Amino acid sequence: MPVEFLGIAATNDGSETGARSGAAFDKDYTLRLARAHEDHGWDRVLFAYSSGSPIPAPAAAYLAAKVEKLQILLAHRPNVAYPTYAARTFATLDQISDGRLTVHFITGGSDQEQGREGDTLTKDERYARTREYIDIVKQVWTRREAFDHEGEHYRFHDFVSDVFPVQEPRPGVSFGGSSPAAYAAGGAEADIYCLWGEPLAETAQQIESVKAAAAAAGRGDVPRIQVAFRPIIAPTEELAREKAQRTVGAIKQRREEGLVRHHRGDRPQNTGSQRLIALAEQGERYDRALWTPTAAATGGAGNSNALVGTPETVAQALLDYYDLGVDILSARGYDLLGDAIDFGRHVIPIVREEVAKRDRQRAPRGPGAVDPALGLDLGAAPLAVSG
Ligand SMILES: Cc1cc2nc3c(=O)[nH]c(=O)nc-3n(C[C@H](O)[C@H](O)[C@H](O)COP(=O)(O)O)c2cc1C
């Protein structure tokens, strides 16, 4: 199966290790970062969402009009827009981008953050709402006749859209979360299920939970799996380890100065972040290159576990996840622009080449199928071995 790389579509150069140098919506930086991804082998970039930040949909429209090939993953919180309105926003954006849109539906892991924009539901209620919301959005994207909806969270009558996505039958639906309610909702509705980077064993368990939820929802297929990391690469293992220590130092310093608004002290409510903190408490290093102090230093704030090493080591670590069934690899550095270029130059080509090798080795066997390594027709009668 092909592998895809998801990067970040930030609208400014700020990160956990450094304050932004300009405005929250820095047009030039937004475009430069996207072009760096497009020019260095990435497939798609994520426009994340948080209360107070620039609104992702118009920022994504701006990029779509300027950048030719890069695909867009647009994060969206159901509480901020009625689903018929949101579905048309997405359809319009799919038109602007000529079919390059996937929507990442966010349920919201923190009551406090959700409350900042008037959302008072509990997390389990929010998951039920997200499920209903995605179902409505899919209908708005695909139904040509007026329809009614009578649900727990939304009721409307006689609705039909006049704007449809370019993609047939519809854009992809992406979803994230690590609680049982998340698996149930995402297992039922998602085309892509997103996880934050955990050790291989824990990732395998989560993949099984997603598959079980998809089966329980009566699906014949399973969502594709995406896993996210913070790569820290350098020419030697030792230099990478030093860089990782410097990164954690910078994160801690920013936290002590109280500059990271969403990641202050308290225990996070979302299961995904709780899992990251527990893993960091159990150990610093897992498997080939997974390193947890970056997650510990941010309080398990989202995509925060690092992969530390040379490009070769980090590429091999990513391939371990590919071998588990992960076919979308999400990565973001701490110097967003420089790290997108370095990762694209030095890591992506290794992973793509190794994936192509694996795919060739798994080539279909039957009459006419040729083993690429041996140049033999595998469907032909076995060679007579004499002697
Ligand atoms: C890859 C990925 C990206 C996410 N992006 C965002 C985001 O941009 N904004 C946000 O508020 N939450 C984001 N989330 C959070 C989830 O949508 C969800 O609200 C949270 O993980 C639920 O927590 P749970 O683990 O308790 O189910 C993201 C989650 C994942 C896995």
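## Basis of the model

Two residues are said to be in contact if their C-beta atoms, placed from the backbone, lie within 7 Å. This is a predicted model, in which local features need pLDDT of at least 70 and side-chain atom pairs count only at pLDDT 80 or more, while totals for chains, interfaces and linings use all residues. Residues are numbered from 1 along each chain as its sequence is written.

The pLDDT, the predictor's confidence in each residue on a scale from 0 to 100, averages 92 over the chain, and 92% of the residues score at least 70. Over residues 365-387, however, the pLDDT is below 50, and this stretch has 17 contacts in the model beyond near neighbours in sequence.

## Tyr 127 and helix H5

Tyr 127 lies in helix H5, residues 123-142, where helices (H or I, at least four residues) and strands (E, at least two) are DSSP runs numbered from the N terminus. A residue counts as buried if 20 or more other C-beta atoms lie within 10 Å of its own, as exposed if 12 or fewer do, and as partly exposed in between, with C-beta atoms placed from the backbone; Tyr 127 is buried because 22 other C-beta atoms lie within 10 Å. Leaving aside neighbours within four places in sequence, Tyr 127 is in contact with Thr 107, Ala 181, Ala 182 and Ala 185.

Among the buried residues of H5 are also Arg 126, Arg 129, Arg 131, Val 137 and Trp 141. The buried residues of this helix pack against helix H3 (83-96), strand S4 (101-105), strand S5 (147-150), strand S7 (172-176) and helix H6 (180-189).

## The nonpolar core

A nonpolar core is a set of buried Ala, Val, Leu, Ile, Met, Phe, Trp, Tyr and Cys residues joined through C-beta atoms within 7 Å. The largest such core has 90 residues, and those with the most contacts inside it include Ala 60, Leu 74 and Val 137. Its largest share, 7 residues, comes from H5. Not counting residues up to four places away in sequence, Leu 74 touches Phe 47, Pro 56, Ala 57, Ala 60, Leu 93, Leu 101, Val 103 and His 104.

## Around the ligand

The ligand is surrounded by 20 residues, the closest being Ala 48, Gly 176, Gly 177, Asn 270 and Gly 272; a residue is near a molecule if its C-beta atom, placed from the backbone, lies within 6 Å of it. Strand S8 (192-196) and helix H9 (271-282) are the elements that give two or more residues to this shell, and S8 gives the most, with 3 residues.
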